[in-house]
Structure formats: structure tokens, C-alpha cells
Amino acid sequence: MAANANGVPTPRSPLARIQTQKKQNGICHDDSGKPVKAQTIDELHSLQKKRSAPTTPLEGAQGAFASLSEEERQRQQLQSISASLASLTRETGPKLVKGDPAKTQAVARVAHHHHVEAPTISVSDSSLKFTHVLYNLSPAELYEQAIKYEKGSFITSTGALATLSGAKTGRAPRDKRVVIDDSTQDELWWGKGSPNIEMDEHTFMVNRERAVDYLNSLDKVFVNDQFLNWDPQNRIKVRIVSARAYHSLFMHNMCIRPTPEELENFGTPDFTIYNAGQFPCNRYTHYMTSSTSIDLNLARREMVILGTQYAGEMKKGLFSVMHYLMPKRQILSLHSGCNMGKDGDVALFFGLSGTGKTTLSTDHNRYLIGDDEHCWSDNGVSNIEGGCYAKCIGLSREKEPDIWNAIKFGTVLENVVFDEHTREVDYEEKSVTENTRAAYPIEYIPNAKIPCVGPHPKNVILLACDAFGVLPPVSKLSLAQTMYHFISGYTALVAGTEDGIKEPTATFSACFGAAFIMLHPTKYAAMLAEKMQKHGATGWLVNTGWSGGSYGYGSRIKLPYTRKIIDAIHSGSLLNATYLKTEVFGLEIPTEIEGVPSQILRPENTWADKKAYKDTLLKLAGLFKKNFETFTNYKIGKDNKLAEEILAAGPNF
Ligand SMILES: Nc1ncnc2c1ncn2[C@@H]1O[C@H](COP(=O)(O)OP(=O)(O)OP(=O)(O)O)[C@@H](O)[C@H]1O
Ligand SMILES: O=C([O-])CC(=O)C(=O)O
Ligand SMILES: [Ca+2]
Ligand SMILES: [Mn+2]
């Protein structure tokens, strides 16, 4: 029974008497609740928000400044960010203020205490104005910023932040530039087939200045201080300076989120991204072939983004950095998904964009370690990232329930189309792009393994989305075959992820990620061979692409069948199946798998036109052979025995 304010029971009856308070001093009080502790509306609003713990990075010794005052912390933090944003020609950083410029009152007060000293060398207007820093904002704060200031930002019916990435809806690999200097000249892979297109140090500085000036011309910038790599011994500190809440939330989700304590001791970042994506590069600048430029300077540990707002550039730019830093430490960096069974059996999923790394590593019966970027060290595997980046085209609750459910508050949904009233997303719709994406923190997947590390892999699964429809749905590989297919990195690129490609086309991309590797592919291949051998991992080739004919004739292998195949690999049952060897590619294919129609296991059975099948098979084999020519002269491992074996493991016809 309910009680009124005086504790007198109020009987529930249809004709309950309306009770008014007894008159005191002749005034009628409505004191059903206590009055608010505010004298004004402003004061009332200020009560709404509780102060949170300070999140401030410190320069210098870890934890030594634990007793610093809040004010001193703020000052050091702004100094560190000001140093990041400094113009290198005017030798001064901008005046920084923490917080949203919209809250002008607070700004005036903070600015008085915290602005960084005025420049002495050469003064420009930008050094006279304040740049407001929105530092490691929470998802809720970033939502508010996005919705208020960024056109095209909306909350979907499930709570995700829908956003548009602008003119670019995929990466622009032809616009990537890497600074060539005395050390990178010899260390990195340059020339034919390499993703590293050179630029000189001076041009980098021109673009860096352009990006920094652009960012400093704004009222506010977002700064994220985060980590990469869950292996604590090989963790990298990254700072991302960007102009959009979308970019800040994307990286909040994709990188590892520091705890408040870790943030207090953050210090100087190991790597910094300047994302001035809304602003183009100057096409009169040397080495620039378009208005977009993604520039990597390993010596300065910096990356500059101009002319593209596609957030994937940041994620994959950092991945390139890891592909340089980790092999130096004898750690193999991998463009792969990774998950682990209840018994601790780890599987890696390699594959190019759209082949199924995210879809297949997200498996309700297994622990997710990560969906896209990993390291394999002497201690086992570790995820580089703190989030997942799933393709959304055709997404359904039935087929991919865990990804579906991860699209909720906090998740960034790029370039999707939704109902203007209900805000329900239509995942079939590709009118903005086919490369629609969801970026969410890894803990949004219920069986994520946190921390995202695991023991040495037992299975290495190479995913290829074969648009020709001639590769078997699954084959067991020898070590040499695994290397052959790893170096080849075959797939049919699915539309949209890389700018300009509109429909599936056969592609070879070394190490299943040539766009991101920094060293010659054979360096990574040799490390993979050594690790697989040492830890007894088995290689598999899984075709998640076409069956019964090429693209346009056959159809994509059904996801439930691919899942059954993957289940059989994980359980170990496929290892003991009966195999037969295919002609031309010499692949071992199983004759039976539980839950998969046996006739689809042999591609030639699914083709009505046997001659067309044979012709297509030979055509693809020819493409493999031609692609591999560039690698035949390279030494792999200590002696050249493996290189010869690998070559022999390719198609024979
Ligand atoms: N048989 C299949 N196996 C795997 N994926 C399939 C299959 N059939 C259809 N798909 C679809 O293919 C897409 C695979 O995309 P996924 O996000 O897993 O790519 P990815 O390898 O993680 O690429 P990226 O590196 O670009 O993130 C999903 O949209 C999935 O629904
Ligand atoms: O980088 C991207 O835009 C998406 C991705 O994961 C890939 O292409 O491998
Ligand atoms: Ca993915
Ligand atoms: Mn990827």
C-alpha cells in the first residue's frame, strides 16, 4: 500500500479522497518531495552533472606526480597536447583550453589559469586564439558533440550513432605515402607491388604543417590518448588529434581504452595521428596525385591525414605502424581475426577485406580475441585493437546475432541508411556505399576474451572469397602450401572497401594485407612458417566465395555451411577426415563434413558446365602463377629450402 508524505496509508479505492496538506500559517505547501538545492535554473542545471575523476596524462616519471594538484595536472596535460599541435615553423603551440567552447563561462575561467605561454618567435593569428581541447571524451559526450555539430549524425533505433564519412567511403591506398629516409630506404619494401609509395621528409613537413594549421584554426579539436596491443610488454601509446566527434568515438571504440589511472600516467605518446580529413592536401605539393594524402613518417612517429574522412584510414594507418614496429621485436603482426575454444584452442583467420574475418571469428561458441589485427609473439597471440569493425551490408539478426546485438549505444554506424521517422536501419540498402560499417568496443561481443590475449594458435585458416567459384569450400594445407597461399593472398575484393572498386574482382594481396605491410612479404611469411612449425599449427584454405559458377552465375557459399566447416576445423574432426587431392592446385579436400552437403565440397560437382569449370580453374591457376613470379627470386628463412618447397606448392599444370 502506498503512503502519503506524512506516512499515512492511502487506501486504494476508486473514490480515493484527494488529500491536501494542512494549512500552515495560512499557506498551502506542495511539499510532496524535498525542494531542489538550487536558487536559480543555472544552479539547478549545474547539479545535474557530478564531477568525475581527473583524467590527465603526466609527463615524466610514472606516478611520481600522484600528489599533483588538479590544476597542475591540467597544465601539464595541455602542455603535452600543445606540443603535439605546435606549428614547427612558428615554433609554438596554440593556446589550449580544455572543454567545449560552447560553455563560454567555464572557458573564460579555465583559460585564465591554463593557457600555454604566448609565442615569442613569430606570431600569427592562430597563436592569438584559443583552441579548445576535448580530451578523451566519453561516448555520451561524443554523441552530443556529433549530433549538435556534425551534419549527418543521428541516433538509430537501437542507440547507435549513425554518421557519414563524407566523399570517401573506403580507404584510398593510392594516396598513402611513406617517408623515405636513410633507414627506411633499406628497411622497407619499396617498388613494384609494395603499398609504400615514397615521399620525402620535407613534403611530409609541408603536409604536417597544413594539417596542424587546419586543426589550430578550429574552435576545438578532439584528442584521444589510447593504447594498441593487449600484450602489456609490447603496448604502444597513441594520440589521435581530430576535428570530428565521429573520428574520436571511432578511435575510442577501436583502440584500447585506458583506465583513469593509466591515463594519468600516460606521458608522451609513442605515435601521433593528425587527422585533418575535412581539409584537402594541396595538389601542387610534390608527390601529391590527388586531394587526399595519408602520410606516414616512421622517424617522427607521426601520421597526417588530409582529404579523407573515412575513419578506417586511422585504424589501418596504425596497423601499418605495428607492421613495422613489431617485426623489429621478433613479433609477427597479422591481418587476421582470432578466437579461442573452451579448451584454449586458438584459431587465426586470415583474409582480405570482406572474406569473413569478423563474421567467422565472432562465433557464439568461442571466445573472441579480436576480429582484424593481431600479434603473434613467443608468449602467444594478442589483439592490437580494443574494438571490432564489422561490415554491415546484408547484416541479419539470424545469421550474425552477436554483431547485430553489438549495434547499440556507443557503436559508430558508418554510411548506413535508416528510416527517417523510426530510425530503423535498412542493412540491405547500399545507396551511400556497399562498405557500410559498425565500429564497437570488443566487450560488446558477449563472449569476448578480456584481456584479448591467448596461447599459440592451433589452426591457421586462410579465407579467400573466390569470385571464380573454383576453389573448394575447404582444403587442408601443408606448411609449404600455407606459405604459398599466404604470400599470394588471393581473394575477389568485395565492392567498396577500397575506393574505386565497384564489383568483385580477383586480387592478390601479399600476406592477406599488402596494403598494410611495411617490410617485404617474405619477411612475414618466414616468421609465420617458423611459428607454425614450432607450435604445430595446421593450415587450411577456406573459400567463403562462390560455388556452382563464377560471380554472376553461381552463388556465394551459404554462411551456415562455412560455419559448419569452421566448426569441424576447431573440433579437430576435420583433421581425421578422408581426403582426396584436386588437380591443378593440388589441394587436399575432405569428402564429408557434418552439416554440409557433400557435393559442394568438390567444386566441379557444382558446375553444370564442366568445360567452363576446367577453363576457369586453369585461368585462375594462371593468375596465381603470374602473381607469384615477383616472389620467386626471394630467399625465405635461413636456407633456401623452404622457398623451393613453397614454389612447388603452387598450382601445377
Ligand atoms: N560463406 C560466408 N562466409 C563468410 N562471410 C560471408 C559468407 N557469405 C556471406 N558472407 C558475408 O561476407 C561478409 C564478410 O565480412 P567481414 O566483416 O567478416 O570481413 P572481414 O574479413 O572482417 O573484412 P575487413 O578486413 O574489411 O574488416 C559479411 O558481410 C558476411 O555476412
Ligand atoms: O580498413 C578498412 O577500411 C576495413 C578493413 O578492415 C580492411 O579493409 O581490411
Ligand atoms: Ca573486419
Ligand atoms: Mn581489415
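Rings of Phe, Tyr and Trp (its six-membered ring) pair if their centres lie within 6.5 Å; planes under 30 degrees apart count as stacked, over 60 as edge-to-face and the rest as tilted. This is a predicted model, in which local features need pLDDT of at least 70 and side-chain atom pairs count only at pLDDT 80 or more, while totals for chains, interfaces and linings use all residues. Residues are numbered from 1 along each chain as its sequence is written, and side-chain values use heavy atoms, with hydrogens and water left out.

Q: Which residues form one aromatic cluster?
A: The members are Tyr484, Tyr490, Phe508, Phe585, Phe624, Phe628 and Phe631.

Q: How do you know whether Phe227 is buried or exposed?
A: Buried means under 20% relative accessible area, exposed over 50%, partly exposed in between (1.4 Å probe, protein chains only). Phe227 has 2%, so Phe227 counts as buried. Phe266, at 0%, is buried too.

Q: What makes the contact between Thr358 and ligand 1 polar?
A: A polar contact is a pair of N or O atoms within 3.5 Å; within protein, one must be able to donate a hydrogen and the other to accept it, and residues adjacent in sequence count only if both atoms are side-chain atoms. A polar side-chain atom of Thr358 lies 2.8 Å from an oxygen atom of ligand 1, so the pair qualifies.

Note on methods
Chains lettered and ligands numbered in written order.
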